[in-house]
Amino acid sequence: MTRTINTSRAVLAATLAALAALPLAGCRGERTDANPRRFFPDMDKQQRWDPQESTGFYADGRVARPTPEHAVAFASSDFDIAQHADADWARGYMAERAAMLKADDAVYTGKTVESDGFESFVDTIPVAVTREMIEHGRNEYNIYCVACHGYLGDGQGMVGVRWSYPPANLTSELYRDRANRQGKDGYLFDVIRNGLWNAEGGNRMPGYGHALNEMDAWAVVAYIRTLQKARGSSWEDLTPEQQQRLGRPTPAPDASQASAQPATEGGES
Ligand code: HEC
């Protein structure tokens with residue numbers, strides 16, 4: 001009795017397995033020119049005309065439509081949007097157009113071609129630096145760079161101290177002094193967008209061109225300059241207004257005095 005049950009179960013299982021495998025086998029390598037089945041055709045198929053085709057739809061029988069009267073073709077030869085660059089309405093278009101053309105090497109590659117024909121990195125950021133931009137740069141820096149280069153730019157980030165190469169200290173003289181290749185704004189821009197590679201093609205620092213567009217990258221450069229300023233500046237570097245606002249720094253108490261007085265910080269009470 002039990003035996004027959006087992007046998008029929010086995011037969012059933014084998015049949016089911018064969019059925020399950022059937023669709024896999026059936027579709028292998030099969031090709032067809034027939035249209036795929038469309039269960040929800042939606043807008044897959046629509047009426048369209050080819051260029052220069054004739055149509056009964058318009059009275060003149062032409063598919064190509066003439067420009068409506070008084071319309072001005074955008075970027076046509078006798079309309080120069082650059083002449084309206086200061087107008088509020090034009091600013092968005094200008095930015096959009098510049099981003100599409102990417103014609104300004106200094107802005108889009110950080111490089112210029114010198115009179116001798118050699119390419120070199122631009123000394124200073126070729127776009128206007130605003131407070132807003134620096135703040136944007138801080139935001140991006142704190143997302144993409146901080147892990148390795150640290151909040152202070154000194155290369156002591158959490159990941160940085162464990163990275164296979166020690167990350168650069170961005171506040172060091174090498175990156176401050178524009179007389180150095182590595183101190184030029186265009187160079188910093190290039191590193192941000194493209195990363196660093198060694199001669200064998202090994203990656204020393206990842207590039208962030210996928211996440212930081214050109215304007216983002218310039219903003220990060222501006223913020224690196226701010227970090228450098230913040231670290232290496234003295235009282236004398238401040239403008240008189242800034243000095244007034246901050247008040248004279250009190251000289252640090254000398255050690256003997258400090259130890260003579262009871263520490264108030266962190267005490268009980
Ligand atoms: C994953 C870690 C890591 C991240 C994230 C990172 N860097 Fe670096 N960076 C490095 C390392 C490592 C070096 C040093 C490479 C070397 O000397 O071979 C370096 C070097 C640099 C240098 C010096 C280049 C040179 O030629 O001396 C600059 C400038 C720099 N990074 C900027 C940035 C900026 C800005 C960001 C954020 C957009 C960033 N890095 C993100 C690891 C990182």
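The iron atom of the ligand is coordinated by His149 through NE2 and by Met205 through SD, at 2.0 to 2.1 Å. Donors here are N, O and S atoms within 2.8 Å of the metal (3.2 Å for Na, K and Ca); water is not among the atoms, so sites may look incomplete. This is a predicted model, in which local features need pLDDT of at least 70 and side-chain atom pairs count only at pLDDT 80 or more, while totals for chains, interfaces and linings use all residues. Residues are numbered from 1 along each chain as its sequence is written, and side-chain values use heavy atoms, with hydrogens and water left out.

**Iron site**

- The arrangement is octahedral because the six donor atoms around the iron atom of the ligand subtend angles of 86 to 177°.
- Six donors count as octahedral if opposite donors are over 155 degrees apart and all others lie between 65 and 115.
- Ideal angles for six octahedral donors are 90 or 180 degrees.
- His149 lies in helix α5 (residues 146–149) and Met205 in strand β4 (residues 203–205), so the coordinating pair, 56 residues apart, links distant parts of the chain. Helices (H or I, at least four residues) and strands (E, at least two) are DSSP runs, numbered from the N terminus.
- His149 counts as buried because its relative accessibility is 11%. Buried means under 20% relative accessible area, exposed over 50%, and partly exposed in between (1.4 Å probe, protein chains only).

**Ligand surroundings**

- The ligand has 23 residues around it, of which Cys145, Cys148, His149, Tyr187 and Met205 come nearest. A residue is near a molecule if one of its heavy atoms lies within 4 Å of it.
- Helix α7 (185–194) gives the most to this shell, with four residues.
- At least two shell residues each come from α5, α7, β4 and α8 (214–232).
- Oxygen atoms of the ligand lie 2.5 Å from a side-chain N or O atom of Tyr175, 2.5 Å from one of Arg204 and 3.4 Å from one of Gln182.
- The ligand takes up the space of the largest pocket. On a 1 Å grid over the protein atoms alone, a pocket is an open set of points where a 1.4 Å probe fits, with protein on both sides within 12 Å along at least five of seven lines. A molecule sits in a pocket if more than half of its atoms lie within 2 Å of its grid points.

**Glu214 and Lys102**

- Glu214 is in helix α8 and is buried, with a relative accessible area of 8%.
- The side chain of Glu214 makes polar contacts with the side chains of Lys102 at 3.0 Å and Arg193 at 3.3 Å. A polar contact is a pair of N or O atoms within 3.5 Å; within protein, one must be able to donate a hydrogen and the other to accept it, and residues adjacent in sequence count only if both atoms are side-chain atoms.
- Lys102 is found in the loop between α2 and α3 (105–109) and is partly exposed, at 41% relative accessibility.

**Positive phi**

- Most residues other than glycine have a negative phi.
- Lys102 has a positive phi, near 45°.
- Gln52, also not a glycine, has a positive phi of about 70°. Gln52 is in the loop between α1 (2–27) and α2 (88–101) and counts as exposed, at 74% relative accessibility.

**Whole chain**

- The protein chain has 10 helices and four strands, in the order α-α-α-β-β-α-α-α-α-β-β-α-α-α from the N terminus.
- Of the 269 residues in the protein chain, 22% are buried.

Conventions
Tetrahedral: all angles 85-135°; square planar, octahedral: opposite > 155°, others 65-115°. 1 Å grid on protein atoms, 1.4 Å probe; cavity = no way out; pocket = protein on both sides within 12 Å on 5 of 7 lines; lining within 4 Å.
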